[in-house]
Amino acid sequence: MAESNSGLVGSFPHLDSLLHAIENLKKTGYRELQALSPIPHHAIDAALEKPTSPVRVFTLIGCLLGSITGFVLTIATSLHYPLITGGKPIVSIPPFLIIVFELTILFGGLLTLGGMLWNARLPRVHIVPAYNPRFSEDRFGLWVPCDEKEFDEVTRLLESAGAEQVTPATR
Amino acid sequence: MELKRRDFLKLLGVGGATAAISGCTPDAPEKLIPYLIPAEETVPGQATWYATVCRECPAGCGMLVKTMEGRAIKVEGNPLHPVNQGKLCARGQASVQGLYNPDRITQPVKRGTDGSLQSISWKDAEAVLATQISKFKGNGNRIAFVTPLLTGSQDRLVEMWLKAVGGGPRLRYEAVSYESLREANRLAFGAAEIPYYDIERARLIFSFGADFLETWLSPVEFARQFASMRTYRDARIARFAYIGPRLSLTAANSDEWVAVQPGTEVFLALSMIQVILAEDLATGLPQTETQDLHGCVADFTPESMGEKCGISADKIRVLARAFARARPSLAIADGKSSNGTDTCIAINLLNYVVGNVGSTVRFGSNGAAGRVSSYEDFLKLIDEIERGEIAVLLLAGVNPLFSLPDAKRFQDALKKVSLIASFSSFPDETAAVSHLVLPDHTFLESWGDYEPREGVRCLQQPAMMPLYNTKSLGDVLLSVASQVGLQKTLPWENFYSYLRDEWQKIYREQKAQEDFETFWARALQKGGVFQPPPSRAVRLDTKAIKRRYEPPVFAGREDDFTLIPHPSANFYDGRMANRPWLQELPDALTQIVWDSWVDINPRDAERLGINEADLLVLQSPSGRIHVPAHVTGGVRAGTVAVAVGQGHTAFGRYAVGRGANPMPLLQGAPEKISGGLVWVGTRVTVTRSGEKFPLATTLGSDRPNERRIVQTITLGALQQQSEAKPKPELLPMYPEHLHPKHRWGMVIDLNACIGCGACVAACSSENNIAIVGKDEVGKGREMSWIRIERFDEGKTDRPDQHFIPMLCQHCDNAPCEPVCPVYATYHNPEGLNVQVYNRCVGTRYCSNNCPYKVRRFNWFTAKWPEPLNLQLNPDVTVREMGVMEKCSFCVQRIRAGELAAKEADRQVRDGEVVPACAQTCPTSAIVFGDLDDRESEVAKLAKDPRGYHVLEELNTKPAVTYLKKIKPGPVEG
Amino acid sequence: MEENLLLEDWQKNWVLRPSIPRGLVWTFAILVGFGVVAFLASLIWDPIRSWQIYLINFLFWSGLAQGGVVFAAIYHVVGAKWGPTVKRLAEGMAAFLPVSFVLFLPLYFGVRMFFSHVREINPNRGAWFDPRFIFVRGALGLGLMTVLSVFFVYYSLRPEVGFAQERKLRQDSWLFRWMTEGWKGVEAETQHGEVRMGFLAAGVLLAYPMIYTFMAFDLIMALDPFWYSSLFGGYFFISTFYSGLAGVAVITVLIRWNFGSSVITTAQLQDLGKLLLGFNLTYVAMVWAQYIVIWYGNLPEETHFIILRVWEMPWAPLSWGVLVTSVLIPFLVFLSQRAKQVPWIILLVGILILAGLWLERYVLVVPSLWKRGGAPFGWIEVGITLGFLGGAGLSFVFFLQNFPVVPFIRPLFLPVSEQGKKVVENPSGA
Amino acid sequence: MSQLTYSQVDHDILSAMKSPGRRYYLLLLADVLVLAWGIYAWRYQIVHGLGVSGLTHPVMWAIYITNFVFWVGIAHSGTLISAILYLFRVRWRAGIYRTAEAVTVFALFTAGLFPIIHLGRPWFFYWLLPYPQVGGLWVNFRSPLVWDVFAVMTYMIISMLFFFTGLVPDMAVVRNRTSGWRHKIYAFMAQGWQGSDRQWRHYKAAYLFLAALATPLVISVHSVVSWDFAQTIVPGWHSTIFAPYFVAGAIHSGLAMVITLLIPLRKVFRLDAYLTQGHLEYLAKLIILTGLIVGYSYMVETYIAWYSNNIPEWQHFTYQITGEYAVPFWIMILFNSLVPLLFFLKPIRTSTPWLFGIAILINIGMWMERFVIIVTSLAHEYDPNSWGLYFPTWVDISITAGSFAWFFFWLLLFAKFLPVVSIVEVKEELPPPVVTKEGVT
């Protein structure tokens, strides 16, 4: 993403002030804001107008892959080495369906996790300087990408909204 | 009889038998043989068969020994042999475990002055004997010789030898003997012999205590005849009633068990005669004789006799009429009580009045059992010993110290003998007191011959070179003879040459066209020279009949229990107790293994507060034993029964300290008339010792619990249905699968099965079944692939027992297969349910899902103490710890048969592939073959109206079809 | 949102009642008539056909109604709050229960016909299969079930009806006076009712599985006296509950068109969709759990029932039809989030499920009884089925016309516990 | 808990992770000793063969499989609480789901051992895994045991994913408060979490879908386990109701186990504010439900055994209630379906001692249930001649004891090294800090 590397981080003790700040900044035309919070909150997502996560697609693909694998595995191996057991047909679909089901879930689960890591850009070794440990505890952070000449304005907007401190940070 | 192909194959091998002594066979089988130049008939992986004769009991069944790489691994019946016609009993099957018994005496031993045993060379051993012999040579019968029942050349050699060394007396000692029978025949018909009983032809049989399916005379032969007599022909079936206080296996196979008071059989017989004569049902008697006879039996009215015997008068009448009307009928008796001879005479008369003598009872064949020296003679010998008249006592293959009632006395007497030489192959009780042991070969390693009855001359040839440094009795005698300077009288350098000379005589009397060598080779191939039993007419000596028929007398307190000791089906007189297979072969009636027990009636048990497995004390005037109780309706109230055979104090690891030996309880006086041992003549006090003695049994519950595993059909019902009713066709859940080449299957006729267990022993021998011992069996961990299940449908005090061999059913829809995660078991294209040992990881899921519970799991690594491992069948995998195993329909034999057929470029013939169980089954109850082949016997039998599948409702589609047991109901007049 | 209803809205709310076209009522009435005629005619014409289709419809419609009430009961027990109107509509389905109880009585003759042969086939269980015994235990069970359900609904309605009486919000009627005997003022009544409903709901939830299990065993499983499956009872009451849910969904959508989305929100529709999806899976799990075990075990006494229905003509296509309509299609549709929010999709799927489950009852019952060729379907079947439809329709219309569809008392007069707030509903009771 | 603040939450929960005292180490030591003994017993069995256990013909399965089913069952409640209740947006799960999930994971560790322990040739256990073996022969997909392999493996993987995904944000908190090697470990587990809105968005989505997948999975797993029995034709095993019956039973025992663990946990770590009596009461209510389902199953099983006219089935039932194993049977009836009904009484389900006691009884009862089902059915099968009994030996018992030690070993570590209550989810339950009156909706 073409984001500029410098920016400011506002730290808020209250959720609603964070939301105000987002509103104001958006009004003033700042984009690509990034909120940092100890908990997820739908209000934040709403304020930032982020699209719904594409992880669901990964899950779907995983499930499809899983069931296909299940069918191929069971049927192909049975045909490759056909042994009659208990008079049951070589390709006994009912038992195979159980394998199919389990693999569907397994692959679905794995790709879901994969999808999350991929989309959330995890794992990451370097944590952005914008991050402040208290953002995992009891503070809400807002990172505004902007260059030096915008600093004052942004700082004003953040503080007016109720930021207790505003610090410059690079990505 | 025509030769089946596979029999012929076996016989081919025999051709080279002569090579056995010319030393071509590798002498030490456990040594690896380099096959660069294969020895004549030892082709690696190729079985060679030798014909010989079974010497485990006096019956003299023909035997074929399968050897591979120069070692005997399996025995089967000789199909050409008139006595057993290819069948063997469990004991016969176990003879290889005698050969490979880990406790055999491997070389001569001498007891030092301090009583310790030193092993010495044969030279020295024979020298010791020779010096003693020459010392007492000639000066008046100082040398006594006791052998088991020998016949033919061996017997003559012993006689000659003893004569030559001026010795005597000579005894043919058998613990199980028939003096009363022989004597009764002498008195009644002037023929002191054991006649030939034609059970097959009889329409009705009364057995007065003769257990002819287990131990009596020639069980295998009788079992075969019994089965064929019992077959359902033109809507009829011959009946069989057993008269005696104990429900033996034989009795369990009867239509009716008449549990009379012990020893009163004679009166039942007499009153039957009385009825027959009174109601004028006799046949083939001149009027005068009839009246004459009637005179002697007039007082024996059913009423008076009835309560003597403890049964109703009407019953007697019914039996009598039935016996007279069924033509021919047959009555046989054992005569083991104090009035045994009277009993047998009465039975003779019974047979006589209805004209059985000459038809189902034929004299002239002179059965070998009749040549046994009487028990009285042995007592005489003991007297002589006590008087110090015997200096040298030679004991060859007999164990009187175990089987004599008053063994104690004999043992004390022996102190007076300066040399006791035993020729025993095993460290038995008798060998344990001998000064010198000159171990004989087992019969599988030695030459000899045997004549079970006139006209049946069996050749006994070694199947392999001796396993140990042993020497055959004949050879020892001859070499000793030469050492004491008797070359003139006994010129032969070894027994083999002597035997051939003897057979020259037979050759001459045969007046055969071929030269001797061919005759000899053919004899070896066929296992001997066989002719139909000669028959001789006899007349009844009425004087003998006019006698006072004694009531039985018993030693011991009046109100005590009558003791019924009986030879055991597994151990005979105890000589088989060192065979692990037989120890682990469940007793047919109790499924108890590795032990002995006393049968006691529930009513008595209740009275005395005795429960199953309470350790009881049996006290008789002459001795006492401790033995656990088995509460069963199989003995008449007031009697207790103990099997002979267990309770050895010496005899190797498998026999020592197991169970109890009842013989010491017997008061041991001989029967007045015949001089035989009175078996049923002692009363014992039964008390609880307070201890428990857990008995190991393979039996879960013998109640059918409505599962209909054994199915029976009444004669009436059978006569109704002519052919099998078509079963309602079920809609299949899965598509059907086919068997392109073969569909191996089996039919088991429950009407023929007598529950003897020969199949179980044969299976163990063929398939390397592990022996697990008493404790493990107690936990249910026995390994046998086939078992005889017993279901008891009668009241507890009147058992009605049915037997069914249970083995893997090789189901089309086998529940065991699909549950295996690793395909260790599956259904092969020939219809076999195969078990792949190498795949098995041991989840044991298959066993859980097998409704027939025929799968066996290897809980531990199986052990075969040296040299028992030499018996292992190289064609069958020895299974590892942790894998499942089960009946394979003897797949190794199937493959062999298919291979033979392939080489000959033809189809597998019906009857060409026979599993071990079917092969040995004395009654041919088991038939195996290809169900796809419409012409095969098995396919035909499978359609029999009596056919059914066990647990049919489970839709497993088994390959084994059972034929319902026919229940004709009790004997009707 | 019910929390901030204002007092003046009540009047509106009360008056707010679905405008039911007269035509609809008449149609239902005509259908009933048609059904009765068809039934009576067929009794002479071909009694077995009329009785088996009668049984099928009885099972289907009673199950449907009962399922609705059970849903309401669960909603109550777990203290759910997400859709009072939906719950009220579910309660409304109880209106058919008394009718269905009455409809069970004539079934005695049907039962006698069905089980006439059993004694010979299966003597050991003859007494158990005695038609009188089956009928009596059935009647007792259904009676209990109906009483519990109706009283549960009664205590839910009583405060509102009484309140309306108090405020003269609607013209007086005998029904209302009877319903509000001994009125103790709205607050007391509400509190009191709440307690009663708690017990009755528990009663309904305990009785329903047992009674419907034995209905399944007696009126369906026993029709084939040799077949048995221990899960069959559970399978059946899950199936009826599933049909109940579908019914609720259908009604909810219809009412929504009538009232607009202010009363029944999209969120509520979506929740209904989720529930349907959940029970769709539960239902298929029940079918599967029975099928796989019987398929694998391959025991004739079990398989014959399945084989006949799944692989033999003419039943096979019907059985597979059940799976497609009541399981497969709904599953695929409801996988999508959006589909659960579109009323007409929910309506269609709901109807599809109901049709499928009706067919399921047909396939369960008919092959056991019908020994002639083909699958009986004609004017008899159609007629009687429509008759039942009419009956059910009328009774529900009766409910709509007499009782408030939007509950408004409880939110006002019931203090909501802290925990109560926390519990978002958990209708499966899991 | 509305009076709590965010930092208070952090402090309370993290204080449980302070370095442990002597009591803890003693407990750990005792546990490890039992574990070692169990391992010795297993080694003994591998060397000498399965014969050293009480297993025999015909009872080829006994308490090893009992333990397997028992532990898989224990696992289920964890997934129920963390996944199913999550889907139903049940808020009270927040306090307990972390522990419940830990129970799931560790129970699966334990359960997974028994299929190997009970093998005749455990050194070949990998033959059960799907890979081409001799001649391209794979496993037999028709075998319920192979279904087991797939089901349990999948279950183990998914529940671990779920567990660790749920941990990530908390790990960030711990990371920020630790230093040195601990910091490194937690930093790794936190995966560089910083709580940006993007991370949260995808995280929540993933978590939701994992929950949605885990729900049908948990049902399937115990159904598959039940089919190990139901697919056979063994009287007492072959029954269609087994799948739902086992699932209910599994959750029944699982909930009981969670209660048994939570009660000491909240006591020791003083987490009463987070694991309230209310939580336990909800669990008790769920136990009523599962208990009723289990009871229903017992009843229907009996009815069908009678109704079916199937002689082995009916005799099996009568054997159960009267035979050698009657005591375990009646224990199972009493503890599983009758005792839990006491929870209908509010005073009982709100009293900690009662809760604890009854939970223990249910654990025992559910173990007995599996034992009864497995052993009695095998002991009296179709062929009366080969009926037999099973009695455990010291080996069976030691291995069983060892398995419990193994489970608690992990649990003890968990209690010290990971937050036993989810920090983030507790915070989510609190009203977010705001300045304005009406708050944020």
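Strands, like helices, are DSSP runs numbered from the N terminus; a strand has at least two residues (E), and a helix at least four (H or I). This briefing concerns a predicted model.

**Interface of chain D and chain A**

- Chain D contributes 59 residues to the contact, and chain A contributes 68 residues.
- About 5500 Å² is buried between chain D and chain A, and carbon and sulfur atoms account for 69% of this area.
- Of the area that chain D buries against chain A, 15% comes from D:Arg142, D:Gln194 and D:Asp197, more than from any other three residues.
- There are 2 salt bridges between chain D and chain A. One of them joins the side chains of D:Arg177 and A:Glu137, with an N to O distance of 3.4 Å.
- Polar contacts link 21 residue pairs across the interface of chain D and chain A, both residues of each pair being at pLDDT 80 or more.
- On the side of chain D that touches chain A, at least two residues each come from α1 (6–15), α5 (144–177), α7 (197–230) and α15 (423–429) of chain D. The most is given by α7(D), with 18 residues.
- By class, the side of chain D that touches chain A consists of 32 nonpolar, 17 polar and 10 charged residues.

**Interface of chain A and chain C**

- Here the contact involves 8 residues of chain A and 6 residues of chain C.
- The buried area between chain A and chain C is about 590 Å², with 81% given by carbon and sulfur atoms.
- Between chain A and chain C there are 0 salt bridges, and 1 residue pair is in polar contact, both residues being at pLDDT 80 or more.
- Helix α4 (residues 93–119) of chain A gives the most to the side that touches chain C, namely 4 residues.
- The side of chain A that touches chain C divides into 5 nonpolar, 1 polar and 2 charged residues.

**A helix pair within chain C**

- Helix α2 (residues 22–45) and helix α16 (residues 379–402) of chain C cross at roughly 145°, their axes coming within 7 Å. This crossing of α2(C) and α16(C) is left-handed.
- Residues of α2(C) in the contact include C:Phe28, C:Phe34, C:Phe39 and C:Trp45, while those of α16(C) include C:Trp379, C:Gly383, C:Gly387 and C:Gly391.
- The contact of α2(C) with α16(C) comprises 17 nonpolar and 7 polar residues, and no charged residues.

**Salt bridges**

- Over all chains, the structure contains 90 salt bridges.
- One salt bridge pairs B:Glu159 with B:Arg172, whose closest N and O atoms are 3.6 Å apart. B:Glu159 belongs to helix α6 (residues 152–164) of chain B and B:Arg172 to strand β7 (residues 170–172) of chain B, the two residues being 13 residues apart.
- Side chains of opposite charge can pair when their charged atoms come close.

**Backbone features**

- Most residues other than glycine have a negative phi, and most peptide bonds are trans.
- B:Glu866 and B:Pro867 are joined by a cis peptide bond with omega of about -5°. B:Pro867 lies in the loop between β32 (856–857) and β33 (884–885) of chain B.
- A cis peptide bond also runs from C:Met313 to C:Pro314, with omega near -5°. C:Pro314 is located in the loop between α13 (300–310) and α14 (315–335) of chain C.
- B:Phe889, although not a glycine, has a positive phi of about 55°. B:Phe889 is found in the loop between β33 and α29 (891–903) of chain B.

Terms used. Residues are numbered from 1 along each chain as its sequence is written. Chains are lettered from A and ligands numbered from 1 in the order in which they are written. This is a predicted model: local features need pLDDT of at least 70, side-chain atom pairs count only at pLDDT 80 or more; totals for chains, interfaces and linings use all residues. Side-chain values use heavy atoms; hydrogens and water are left out. Contact means heavy atoms within 4.5 Å. Buried area is the accessible area (1.4 Å probe) that two parts lose on being put together, summed over both. A salt bridge is a side-chain nitrogen of Lys or Arg within 4 Å of a carboxyl oxygen of Asp or Glu. A polar contact is a pair of N or O atoms within 3.5 Å; within protein, one must be able to donate a hydrogen and the other to accept it, and residues adjacent in sequence count only if both atoms are side-chain atoms. Ala, Val, Leu, Ile, Met, Phe, Trp, Tyr, Cys and Pro count as nonpolar, Asp, Glu, Lys and Arg as charged, and the others, Gly among them, as polar. Axes are lines fitted to C-alpha atoms, for helices over the stretch in contact, and angles run from 0 to 180 degrees between N-to-C directions. A crossing is left-handed if the near helix is turned anticlockwise from the far one by less than a right angle, and right-handed if clockwise.
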